[in-house]
Amino acid sequence: MQNIKSYVAEHKDRFLSELIELLKMPSISADSAYKKDVITTANSVLKSLKEAGCDTVELCETEGYPIIYGEKIIDKNLPTVLVYGHYDVQPPDPIDLWTSPPFEPVIKKTDIHPEGAIFARGACDDKGQMYMHVKAMEFMTRTNQLPCNVKFMIEGEEEVGSVNLAKFVKTNQEKLKNDVILISDTGMIAKDVPSITTGLRGLSYVEVEVTGPNRDLHSGLYGGAVANPINVLTKMIAQLQDENNHITIPGFYDNVEELSKAERSQMAKAPFSLDNYKKALDIDAVYGEAGYTTNERNSIRPTLDVNGIWGGYTGEGAKTVIASKAYAKISMRLVPNQDWENITELFKKHFESIAPEGVKVKVTPHHGGQGYVTPIDSVGYQAASKAYEATFGKTPIPQRSGGSIPIVALFEQELKSKTILMGFGLDSDAIHSPNEHFGVWNYLKGIETIPFFFKHFTELHK
């Protein structure tokens with residue numbers, strides 16, 4: 001990969017300005033009010049792939065938001081890398097916690113990023129990381145150094161479950177045929193400690209509704225005599241975990257993969273400071289399932305968390321009312337061998353069973369996906385390792401992630417190929433949170449590193 005460092009340095013300002021323009025687009029797939037913005041973003045990605053050197057680029061319509069497909073086939077006898085990413089983003093709420101507007105990107109210096117970081121929704125997840133691949137493609141085509149075939153599949157519904165992408169993959173297996181799938185939608189341990197994600201947790205996401213009386217009631221006239229749905233809901237949620245933070249749903253742990261002492265010992269070798277972890281989050285203690293370390297709790301163990309809870313009066317001042325309904329959104333992060341549809345059904349059955357008399361309970365499944373583990377002895381992993389070694393000067397550490405990319409397990413099932421997760425974000429990048437950001441250094445380092453993956457994968461592939 002001749003002149004990659006000089007190419008990135010020469011085009012740095014343009015690479016940043018192009019990403020900033022992309023980040024200005026509020027492509028929030030979860031909110032239909034932003035439909036036009038999501039479509040505009042899709043077309044912008046299509047245009048970028050054309051300019052990067054793809055010979056074929058298509059906007060593939062789905063029942064939801066379009067999938068952008070691009071390819072450059074230089075020799076059918078050479079291996080093919082399929083790059084996946086997404087152009088949709090999480091809602092930015094709560095807006096008042098942002099230090100700058102979420103869709104008005106700014107570059108600000110931080111302690112971790114003295115060279116600056118781009119603050120905007122989607123900066124790291126996943127527009128910034130997805131766009132690294134577009135710019136890496138540009139470098140390889142403009143310098144005539146693309147060593148193999150490449151295909152791109154960039155979707156607009158990852159943040160809402162990728163339902164239509166699953167259908168697209170199943171019906172376009174020949175179009176998407178590849179030798180390895182490459183994704184940058186994860187992170188690394190630190191700027192000076194590169195790592196490759198080798199495992200992802202699965203996900204089951206549900207919404208629950210508890211209904212009591214047929215209308216909101218005066219809390220003085222009816223309080224103590226009628227079940228309060230908010231009180232009931234909080235008690236039911238509390239029953240979902242015991243005093244050791246062990247999930248109490250019958251059958252929940254039946255298929256949980258238990259790592260050996262040797263594997264847990266290998267995980268423990270990754271650099272980690274509990275004091276720094278607590279300091280970064282401004283907490284005085286960690287919390288979680290008894291018997292496991294912090295890094296094990298957030299990667300190899302399943303979890304259950306309330307993501308939102310509401311009901312009754314939440315406006316200014318007081319309103320003495322017993323609400324008719326109460327709601328919560330609950331997510332369960334799953335580990336390999338836990339089937340998300342089975343877990344969803346177990347949750348539904350259990351949650352309904354613990355409801356007291358006097359209320360009705362409704363459980364609505366939203367979306368989910370399976371966990372995934374990729375082997376570290378594959379050609380794809382070896383190529384990724386060599387790529388990091390070329391630009392970081394050190395061998396990356398394999399690590400499991402607590403996050404979920406539900407579509408990855410489907411890729412292997414339908415396309416019969418392994419996925420390599422080369423992430424360049426950091427835990428401190430605040431993805432899904434106010435003030436999400438992505439380091440300028442990380443962004444440019446990704447563009448510099450990705451072409452080496454193509455080079456080494458082509459050389460190692462047989």
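Analyst: Contact here means heavy atoms within 4.5 Å. This is a predicted model, where local features need pLDDT of at least 70 and side-chain atom pairs count only at pLDDT 80 or more, while totals for chains, interfaces and linings use all residues. Residues are numbered from 1 along each chain as its sequence is written, and side-chain values use heavy atoms, with hydrogens and water left out.

User: Helix α13 lies across β4, β5 and β18, but at what angle does it run to β18?
Analyst: Helices (H or I, at least four residues) and strands (E, at least two) are DSSP runs, numbered from the N terminus. Axes are lines fitted to C-alpha atoms, for helices over the stretch in contact, with angles from 0 to 180 degrees between N-to-C directions. Helix α13 spans residues 440–460, and its angle to β18 is about 60°.

User: Which strands stand at the edges of that sheet?
Analyst: Two strands pair if DSSP finds at least two bridges between them. The open sheet is ordered β4-β5-β18 and pairs antiparallel. One side of each edge strand lacks a neighbour in the sheet because each has a single partner: these are β4 (106–108) and β18 (437–439).

User: In the four-strand sheet, which residue of β13 is the bridge partner of I309?
Analyst: That open sheet goes β11-β13-β9-β14, with antiparallel pairing. Eight bridges link β11 to β13 (residues 325–334). The partner of I309 is A328.
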